[in-house]
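Hi,

Here is the structure I promised to pass on.

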Amino acid sequence: MKLYFSEGNLKGKLLSFEEASIIIGRSHSCTLVINDPKLSGKHVELTQHDGEVWSEDLESHNGVYINGQKIAKASRVKVGDQLKIGEEVFSLVETGGKELNNIATATVDSGLAESDPDLPEQQTELSFNKTPLLLGLFFVAFAYLFYEVDQRKITPKLNEPVLIDLSVEQGDEIRLEQAGFSDNETGNVDGAVDQELEPECVLNISSPIESVSVEVNGDYKGELPIELKSLEKGFHYISVFKRAYHKKEFLLDLQSDQKVVVDLERDERYLDFQTTPNSVNLLHEGEHLALSPAYIRKDKLEGKNLTISLDSYSSVSVVLNDLIKLYELHPNHCSLEITLPAIDCEVNLNGKVLDSSENPIKLEKLNAGEYFLSIQARGKTVKEEFDLRIKAGEDKIIRSQIFTISHFVKLKSGEEFYGMLQEKGDRDLVFALEQGEKKRILLKDILSWEASSKAESLGISKGIEVIKKKILPLNENIWEPRKYRGPEREKNIEKFAVKEILEDKSKMDLLSFFEKYGNKYLEVQGTVTALSSNENWHTLRLDDVVECYFKGQNEDLSYYGKRLSVRAWSLGIRGLDMLVLTECELVE
């Protein structure tokens, strides 16, 4: 198609496009980019189909006007029609088959390349008014058509229309014959042109298809069904068309009042987007594509993950094949989206384990109601639980706040961190030093990073910075404590109350804490708040924070609630908060 710009930034320029569909706007993703502040990013789309051009407003702010009329839906553009978008005024001068020849000479210069570097340079030729010549050729063609009337056996009855399909390829002969009539009576064009035609006929045109448009002798008449009065007797050129259907063109020999029913063939390149209810939005990555009911080219949808949405209804993810038939939205459906941290998690909904390989997890077409959701870091004790009540039409979103030490990161600067990997991108990663505190680290600054299952067992507090490996050797005793050394264990035993230990833990940094409580015999006093046992060991928990491990099985529950003193070697930390004493002995 060719466009001639008479006003605006491209005034005087004639542009030619080979694409079947072009988009004009300010966005660099458009086919034609125009720096006009009154244009939207994607303002208008022009689509050429079966020799016709259709214009569609892409939800622009300032609208699209054809011959001064603002359009509200996809509208046909004829050769010579004037379009206005923003400050830009242009006309359609050629569609590949038809051409307007009274435009001024113009040359596309480097100024256009600045707006759209991908558009090839075009140059127009000086043209003259060819309209009289084309009209002459048109009448010569009709003369030749009826000169050959005795060559083909098509015998219409009197007062019935003769339909001639103009899509017949060149080289096929069209012959008409009516036995018993003279040349003038059988449609001799020369005779017909000289005769005075009587405007006495009424033509009714209808179609089983809704919203079909019609043109008669090149003039747009409206949508079918339609009644056309006072038509001259003789031949009339009829064009019937609708977007997403193949256009039908024919000659009608009108000799009396006639009724014509025209059916159109669907163009399978278009999807008939139909939903129940109507007015459903079709989206791709937030970009609006269509509002049902609508026709949309299938090649725009192939291979894309689409979303359909409507107020008061739950949104649904779909692909092209889901929309081939009428799509029905259920008013009682809801959805649940679960965003997980960048660690391996087990997710359970109402007792069913969900596939957590995709993050986020998107559950659609759920029935509205109550749900119980649990999220647990795999191999960890850290767990989240949610009692959910999801309403009809609601799109519920849950973002996990689980925090656990999952990775060990070494930077080229020498810094080292333990924390939880939350997100890894192409250029950086998001590292949580503690819940609510995030650190974004560029990949180029990282020497190494790896999953660390030892992080919690080495006494590393959440978010603590490792200072030149001093912490790790210091805490080797936590899970494999040293053995008591005979009578020496009675010497220099320091006594501490649980309350004192907790106060120090809250005030001291990790190194200072272990210098005071690690690598030494100590005696801890507290009240037993929990007990457990198996065949190899039993445990007493003091004041809910210090776990004391004893060799051998013991199910004596009489210790519960008593205040005891326990001696052990070195105090350690399990996980992030629990203090641990191993190889313990009770003080009588």
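Valine 546 sits across from leucine 579 of strand 47. That pair belongs to a parallel pairing: strand 44 and strand 47 (residues 578–581) are joined by three bridges. Keep in mind throughout that this is a predicted model.

Strand 44 also has another partner. Strand 43 (residues 537–542) pairs with strand 44 (residues 546–551) in the antiparallel sense, over six bridges. Within that pairing, threonine 539 faces tyrosine 549 of strand 44. As you'll know, the strands of a sheet pair through backbone hydrogen bonds, and they can do so parallel or antiparallel.

The turn between those two strands deserves a click. The hairpin of strand 43 and strand 44 has three residues between the strands, and aspartate 543 takes a positive phi there, near 50°. Aspartate 543 isn't a glycine, in case you wondered. Is it buried or exposed, or something in between? Aspartate 543 has 30% relative accessibility, so it counts as partly exposed.

**Helix 5 and its surroundings**

Which residues of helix 5 are buried? In helix 5 (residues 498–507) they are Val498, Ile501 and Asp504. Looking down the axis of helix 5, these buried residues fall within an arc of 125°, so they line one face of the helix. Lys499, Ser506 and Lys507 are exposed on the other side of helix 5.

The axes of helix 5 and helix 6 come within 9 Å and cross at roughly 150°. Since angles over 145 degrees count as roughly antiparallel, that makes helix 5 roughly antiparallel to helix 6. On the helix 5 side the contact is made by Glu500, Ile501, Asp504 and Lys505, and on the helix 6 side by Phe513, Lys516 and Tyr517. Ile501 and Asp504 turn up in this contact and in the list of buried residues of helix 5.

Strand 3 (residues 21–25) and strand 4 run parallel and are joined by two bridges. There, isoleucine 24 stands opposite leucine 32 of strand 4.

Another open sheet is built from six strands in the order 2-1-11-10-7-8, with antiparallel pairing. Its edges are strand 2 (14–16) and strand 8 (69–70), each of which pairs on one side only. Inside the order, strand 7 (residues 65–66) and strand 10 (residues 82–85) pair in the antiparallel sense over two bridges. Isoleucine 66 is the residue opposite leucine 83 of strand 10.

Most residues other than glycine have a negative phi, and most peptide bonds are trans.

- Serine 230 has a positive phi of about 55° although it is not a glycine. Serine 230 is placed in strand 16 (residues 226–232), and with 52% relative accessibility it counts as exposed.
- Threonine 276 and proline 277 are joined by a cis peptide bond, with omega about -5°. Proline 277 lies in the loop between strand 21 (275–276) and strand 22 (281–284).
- Asparagine 359 and proline 360 are joined by a cis peptide bond too, with omega about 10°. Proline 360 lies in the loop between strand 30 (352–354) and strand 31 (361–367).

**The whole chain**

How many helices and strands are there in the protein chain? The count is six helices and 48 strands. The chain has 588 residues, and 41% of them count as buried. Of the contacts between residues at least 6 apart in sequence, 53% join residues at least 24 apart. The accessible surface comes to about 33,300 Å², and 46% of it belongs to carbon and sulfur atoms.

Cheers

Notes
Residues numbered from 1 in each chain as written. Predicted model: local features only at pLDDT ≥ 70, side-chain atom pairs only at ≥ 80, totals over all residues. Heavy atoms only, no water. Helix = DSSP H or I, 4+ residues; strand = E, 2+ residues; numbered from the N terminus. Buried < 20%, exposed > 50% of the residue type's maximum accessible area, 1.4 Å probe, protein only. Contact = heavy atoms within 4.5 Å. Areas by Shrake-Rupley, 256 points an atom, 1.4 Å probe, with all protein chains shown as cover. Pairing = 2+ DSSP bridges. Arc of directions from axis to C-beta. Axes fitted to C-alpha atoms, helices over the stretch in contact; angles between N-to-C directions. Parallel < 35°, antiparallel > 145°, perpendicular 65-115°, else oblique.
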